[in-house]
Amino acid sequence: MTTATPLMLASGIVKRFGALVANDSVDLAIGPGEVHALLGENGAGKSTLVKILYGLLQPDAGTLAWEGRTISLKSPAEARRLGIGMVFQHFSLFEALTVAENVALALDGTEPVSAVADRLVSVSEAYGLPLDPRREVWRLSVGERQRIEIVRCLMQNPRLLILDEPTSVLTPQETEGLFATLARIKAEGCAILYISHKLEEVRRICDRATILRHGKVVATCDPRQESAASLAQMMVGSKVMPTRHEPVLSDQAPFLRVQDLSLRSPDPHGTHLSGIDLEVRPGEITGIAGVAGNGQDELFAALSGEILAARAEVIILAGQPVGHGDINTRRKLGAAFVPEERLGHAAAPRLSLSDNALLAGHATNGFVRSGLVDKPGTLGWVDRVVAAFDVRKGPRDPAASALSGGNLQKFVVGRDILRNPRLLIVSQPTWGVDAGAAALIRQALVDLARSGAAVLVISQDLDELFEIADRMAVIFHGRLSPAQPTAGLAREAVGLLMGGSGFGPGEARARDAA
Amino acid sequence: MRLVLSKRENSSRWMSLLSPLIAVALTIASGAVLFAAMGLDPAKALAIYFLSPISDTWALQELAVKATPLVLISVGLSLCYLSNNWNIGAEGQFVMGAIFGGGIAIATHGVANGPWVFPAMMLAGMIGGAALAMIPAMLKTRLSVNEILTSLMLVYIAELLLDWLVRGPWRDPKGFNFPQSVMFEAEAQTIRLTSDGRINIGTLIALVVVVLAAFLLSRMLKGFEIRLVGEAPRAARFAGFSQSRLTWTVFAISGALAGLAGIIEVGGTMGQLQPTISPGYGFTAIIVAFLGRLNPIGCLIAGVFLAITFIGGENAQIALRLPLDVTRVFQGLLLFFVLACDAFLIYRVRLVRSAPQERSA
């Protein structure tokens, strides 16, 4: 592989965004027919590099060569003409259109939709990616939507297929299916650039790995010759402390009890919740696993009080029915919340940290006296959160958007943990956060539970839940499985639940029939 | 070759204070060019326009009278705009305030009355302005109707209602058939502060409103709520603030302030209702709000500046025989430059040469 001309060779790629150097003289060589991993933490510059390879961004310096010939890619259309296909992490599909219509739109030709549908069926069968061309996209699961994107690329006979974090939205079983497909694609001689931060996957399916850190290439290696720990160390630059966590089961009465919660999503393409039962006990971390878009957002909104329940008794908090109580009523009863979106939901981007402390704490932290805001009080709170959670920042009270993802996440988690809540509900606590911050946040959640608080973690990261949760339930199509002790729970069993088996008929069928 | 607007990483606080001043400077410079093109001496014309309104105490009082409604209205509009509620109908709320307050003055005309009349008129004016502003608020919160359109169209309804009233039921029977109401009694006129000019209690009220609004925005939880709803609606919901309740609140406040400005103006400068009572204060206040950076103190400064253009325009009409439309041109130029300076504040403009074309593969 080292002797042959690389299929794609990027040399000395530099890309700046203002003061930030996202790619700093990056070299990358992808051989024909190889599965090449691009490894790195969030913010290491992986996405910037692949956007350059796909013609979405133009490098400030450096060159690209395709089969030894220097090229400049001004648009994705040019990249596609060369034979480069890309499957994005966030799909670009029209929900109201059918599978075939979506694919036909992406193909640059004038082929009629019926012909596209025929070709789509044959390609999808050949690669083991079953798809019904006539179904509307909004009816499909995330895994099926990803199949559309992959088939769409394969129909253009690519020579290089770029996949951006493809397994982050899949169940373990769907991941196996994807790997089988990738093996077939590779056998046909197509090269694959596989972007991930999941080390075990990379070691399993990749021939070579390029590791990025802070925009620079720190190593190129054969991942099969490395251990997950050594890859992690190259990726992070230091040893990552594992979370100290011994699963325990609490026998205390639940602090939060949800009984038969059903909710219509306000979003027309959202997921309705149906018949959710859940208990969260003091001293424990209860985890809710599930593939994105199965009702996690709606569940968080219902539990936090951003959407009120139909009946007050369906949510019992500290012994009181609060289904009709707004978020501050629930906060005053000892609950605290950390939503998934840092910027725009948990924090207002352009407001200062002290304003953002006020945002979550104005009802509970004594920041407000007879309508007046205690500015020194909020600023003092910011200082305490910053010290306790190692939030790195420049000035004393910067705008929330000036912090990096990991530091802002530490702040929004910390501002609520520090007030010693009796219940913490957190969604995707470490999504898009660097390994150091993620470890600190996970440890803080475990410590909070051990100090006697009830903790509910909604996460799509199954590894994370196995690391910190004492009990685990799975959400699928707006329904929730019973929570089971994590100790002795098999990944495969959780994976099957995430794919919907074991839930019986109900919402799933209702959705299909709609 | 193409122009690319790219977002700046961080915009400096100094520049954001400086940008309205740059806009004012550019407006004056364009004005000089405009006057020169019309064959006038730019220096003399600009002096009449911008210096004569601040040259003596009488002129300064006139300036205060003109600035008062602009400041009152623009402070209310700032609260709306900060919270993403686009009330464009302050002109109508101004007129409605004059109708409600004027109604009391006409009803008590010729009857024994006391010093309670003008305060009652101010209260009625605030209720009238707020009532009209509640209509777009209700349509927005209940039916998701765009408030820009509804508030703007209600302006015409309020203006035509006033027009009909002064030509019909409220016409002065002894007024030689002129379309105007009776002259208000002394108790129904805005309380004057001096004996030699027209400055009235409205100016003091406007100053108090500026201080209260500045305090509200910087120190109170309600002010934080207003800023947060405008900045990040989802985060505001997470904070437990109700967006629709806030929409009602800010529309009510801004409507009440516009209505108050309306009755103060009618009671202070005209002393009666006429078919047209405003030279466009409600619309000019939009410029004032943005020139003042949606900040109450900024609105005070900007309101005084815009008042200068009103008076300068009148002076120029007399001294230079320029049409009053020149004032409108000035105000339009000013808003244009304010928005343009803001665009440069947020974005960086680059000229990108298209890369040399590759040979086709």
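How much area do chain A and chain B bury between them? About 2,200 Å², with 60% of it on carbon and sulfur atoms. Buried area here is the accessible area (1.4 Å probe) that two parts lose on being put together, summed over both.

This is a predicted model, in which local features need pLDDT of at least 70 and side-chain atom pairs count only at pLDDT 80 or more, while totals for chains, interfaces and linings use all residues. Residues are numbered from 1 along each chain as its sequence is written, chains are lettered from A and ligands numbered from 1 in the order written, and side-chain values use heavy atoms, with hydrogens and water left out.

**The interface**

Contact (heavy atoms within 4.5 Å) joins 34 residues of chain A to 21 residues of chain B. Two salt bridges are counted between the chains. A salt bridge is a side-chain nitrogen of Lys or Arg within 4 Å of a carboxyl oxygen of Asp or Glu. One pairs Asp355(A) with Arg227(B), at 3.2 Å from N to O. On chain A, helix 11 (353–361) gives the most to the side that touches chain B, with four residues. Strand 5 (69–71), helix 10 (327–332) and strand 18 (372–373) of chain A each give two or more. Helices (H or I, at least four residues) and strands (E, at least two) are DSSP runs, numbered from the N terminus.

**Chain A**

Chain A has 17 helices and 23 strands. Its C-alpha trace spans about 70 × 55 × 45 Å along the principal axes. Buried residues make up 54% of its 514 residues. Buried means under 20% relative accessible area, exposed over 50%, partly exposed in between (1.4 Å probe, protein chains only).

Helix 9 (residues 296–304) of chain A is mostly covered, with eight of its nine residues buried. Among them are Phe300(A) and Glu298(A). Gly305(A) follows helix 9 with a positive phi, near 95°. Gln409(A) lies in helix 13 (residues 405–417) of chain A. Gln409(A) counts as buried because its relative accessibility is 0%. Beyond neighbours within four places in sequence, its contacts include Val338(A), Arg342(A) and Ile441(A).

The whole structure holds 37 salt bridges over all chains.

| Pair | Closest N to O |
|---|---|
| Asp207(A) and Lys186(A) | 3.3 Å |
| Arg257(A) and Glu279(A) | 3.5 Å |

Glu165(A) sits in the loop between strand 7 (160–164) and helix 6 (172–187) of chain A, and Lys46(A) in helix 1 (residues 46–53), so the pair ties together parts 119 residues apart in sequence. Both Glu165(A) and Lys46(A) are buried. Asp207(A) is buried at 10% relative accessibility, whereas Lys186(A) is partly exposed at 31%. Arg257(A) in strand 11 (residues 256–263) and Glu279(A) in strand 12 (residues 273–280) of chain A are 22 residues apart. Salt bridges that share partners join Lys186(A), Asp207(A), Asp222(A) and Arg224(A) into one network.

**An enclosed helix in chain B**

Helix 11 (residues 281–291) of chain B is largely enclosed by the rest of the structure, because nine of its 11 residues are buried. Its buried residues pack against six helices of chain B, namely helix 1 (13–37), helix 3 (57–82), helix 4 (90–107), helix 10 (243–270), helix 12 (296–319) and helix 13 (325–346). Just after helix 11, Arg293(B) takes a positive phi of about 55°.
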